Amino acid sequence: MKPSIHSEFAPLQKVIIHTPGTEHQQLIPWEGDHVLMGNYPYAYQELQKDHGDLKQFLTAEIGEENVWEIATLLEEVFENRDYRYRFRVLQDILYDMAETYIDHLQARGIKLERYDAKEIVRDLIEGYPRKLTLNNHKLPKIIIPPKRELMWVRDSASIIQCGVIIPSMASPRRKTETPLTRAIFKYHPAFDKGSIFMDMVQLRRQVQEDPAWSGLTDHMILEGGNIMVINEETLAIGVGRYEHMYSNRTTRAAFNLLVEKIFEADVEQKIQRIYMVNVPDLKGFIHLDTVFNMVGPKSAISMPYIFGHPDPIVEISAKAVLQNFITWLRRNIGINRTDLTQLPSKIMFEHAGKCEVYDRDHIKKKGRIERLPQASTYFLDQLIQDDLLDPDRITWIGGPLEDYITPYEHLKVALFEQQNMAGNTFCTAPFRPISYHRNPTTNQALLKKMQSIDPQAFLQTMSSNEIRTDNGGVHCLTMPIARDY
């Protein structure tokens, strides 16, 4: 099969997930660049309970045989294969560390061709070595880092109308995830050759080997959570400022390359428009899918105010609500004890939520990647203008504005639940989303809105007690590879 997705809400057929495991035990809870260090320790058994809800819901919707695990797919890549084949795949995944890994196995008396496929995959996901054993009284070098964030599978591969995009991750510790998912689409017999049409892992390696291009990859950041299929003709891609500490981790340089590759790969010329959406560089606003998602035809859940909507009751603009709120915070924060550089500023919202349109016919006419010559509109306005969104079918994170005494109180609640990924929903069918349980205001508003459109609408809520919701939501935990079309 060739993976292909034509919307974010069409009935789900097949999906890839990763159930978190003992890779989360490979953590020293300190901040630093060592591969074992990180701020957020998880109890992986509790993580599995949370994630188990998601797997149960998906299995009930499409059958266990259609819910595929990354670890299982990788095991099937290595099973019953000889040394030469396994070595080639490991080189593709581990790059310049493959020979070191195999040498360590041989030093332990393990022959690669006889090594259990399940143990190879454990090494690739949990890290190698898994235990800090001594060699000549010295602690070992970590050859394969643990993939503690692999459960956010949406980031490491993105499926659109014309196939698979292998992105380029911003975080150094996450760069090792994409070669794993790449190997699945490249080597697993379930997938057609040529399923991958854009391979940022290969690009980074080519550039890395050429000193003339040193530093280029720092500007080529692309993550799957920023890629959204609006319908068969339209994509939206979130872009931010990579140099900012809370960047949403997709750069304009990577966006331009992606537009070029999409229009090349889409030989049937079904994709007509690609929107570039400016996502605010704020903590918790990780990707486009953390602030906006489609839940049905012309229906969406969205963070209020950053996209120019809703219209406040008072005589101010939606952008002014954000900027006034930020000004109030900064003036009353207690500057003697607060580093203001860690706080958002008004300038961050000057272009937030704006949208540029890249049209196939215009690009073909110009002979280069160039946006339509029009003033940037807000993303929601562009969707409404192109008849892709009904303004009466938008659910606001935090619920309706009418429920609040002021838009500032609405924004405060919305920011709280957005940090808990209230809008990061995943649909198994139109108006059948899954969301986190800990956002009651947004969940209630979403269900009410959906049932006003479709009385059969249903919202499934999964447990999110141990999953750190500021790292991602249900949309991030799922990689759909086939939907009805």
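Let me start with a lining. In the second largest pocket, the lining residues divide into eleven nonpolar, five polar and five charged. Keep in mind that this is a predicted model. Everything I say today is computed from that prediction.

How much space lies in this second largest pocket? About 560 Å³. The pocket is lined by 21 residues, and those closest to its centre are Tyr95, Lys175, Thr176, Arg205 and Gln208. Now the elements. Helix 3, helix 6 (178-187) and helix 7 (200-208) are the ones that give two or more residues to this lining. Which of the elements gives the most? Helix 7 does, with four residues.

Why look for empty space with a probe at all? Because rolling a probe the size of a water molecule over the atoms shows where empty space is left. With a cut-off of 30 Å³ or more, the count is one cavity. The volume of the largest cavity is about 30 Å³. Find it on your screens by its lining: Arg154, Ala157, Ser158, Ile159, Met479 and Pro480. Strand 3 (158-160) and strand 17 (479-483) each supply at least two of the lining residues. Sort the lining of the largest cavity by class and you get four nonpolar residues, one polar and one charged.

Next, helix packing. Two packed helices are described by the angle between their axes and the distance between the axes. I will give you both for each pair.

Helix 3 comes back here. Helix 3 (residues 83-94) packs with helix 5 (residues 117-126) at an angle of about 10°, and their axes are 13 Å apart. An angle under 35 degrees counts as roughly parallel, so helix 3 is roughly parallel to helix 5. Is their crossing left-handed or right-handed? Right-handed. Now the residues. From helix 3 come Arg86, Leu90, Ile93 and Leu94, and they meet Ala117, Ile120 and Leu124 in helix 5. By class, this contact of helix 3 with helix 5 has six nonpolar residues, no polar ones and one charged.

Helix 5 has another partner. Helix 2 (residues 70-78) packs with helix 5 at about 130°, with the axes 8 Å apart. That angle makes helix 2 oblique to helix 5. The crossing of helix 2 and helix 5 is right-handed. Which residues of helix 2 meet helix 5? They are Ala71, Leu74, Glu75 and Phe78. Across from them in helix 5 are Ala117, Lys118, Ile120, Val121, Leu124 and Ile125. Here the residues divide into eight nonpolar, no polar and two charged.

One more pair. The axes of helix 9 (residues 318-331) and helix 12 (residues 407-419) come within 10 Å and cross at roughly 80°. Angles from 65 to 115 degrees count as roughly perpendicular, so helix 9 and helix 12 are roughly perpendicular to each other. Helix 9 brings Val321, Leu322, Asn324 and Phe325 to the contact, while helix 12 brings Pro407, Tyr408, Leu411, Lys412 and Leu415. The split by class is seven nonpolar, one polar and one charged.

Last topic: the backbone. Most residues other than glycine have a negative phi, and most peptide bonds are trans. Here are some exceptions.

Tyr128 and Pro129 are joined by a cis peptide bond, with omega of about -5°. Where is Pro129? In the loop between helix 5 and strand 3. His309 and Pro310 are likewise joined by a cis peptide bond, and omega there is about -5°. Pro310 sits in the loop between strand 10 (299-302) and helix 9.

Then there is Lys298. Its phi is positive, about 55°, although Lys298 is not a glycine. Look for Lys298 in the loop between strand 9 (292-296) and strand 10.

That's my tour. Over to you.

Notes:
Residues are numbered from 1 along each chain as its sequence is written. This is a predicted model: local features need pLDDT of at least 70, side-chain atom pairs count only at pLDDT 80 or more; totals for chains, interfaces and linings use all residues. Side-chain values use heavy atoms; hydrogens and water are left out. Axes are lines fitted to C-alpha atoms, for helices over the stretch in contact, and angles run from 0 to 180 degrees between N-to-C directions. Angles under 35 degrees count as roughly parallel, over 145 as roughly antiparallel, 65 to 115 as roughly perpendicular and the rest as oblique. A crossing is left-handed if the near helix is turned anticlockwise from the far one by less than a right angle, and right-handed if clockwise. Contact means heavy atoms within 4.5 Å. Ala, Val, Leu, Ile, Met, Phe, Trp, Tyr, Cys and Pro count as nonpolar, Asp, Glu, Lys and Arg as charged, and the others, Gly among them, as polar. On a 1 Å grid over the protein atoms alone, a cavity is a set of points where a 1.4 Å probe fits but cannot get out, and a pocket is an open set with protein on both sides within 12 Å along at least five of seven lines; lining residues have an atom within 4 Å of a point. Grid points are joined across faces, edges and corners, and a volume is the space filled by probe spheres set on the points.
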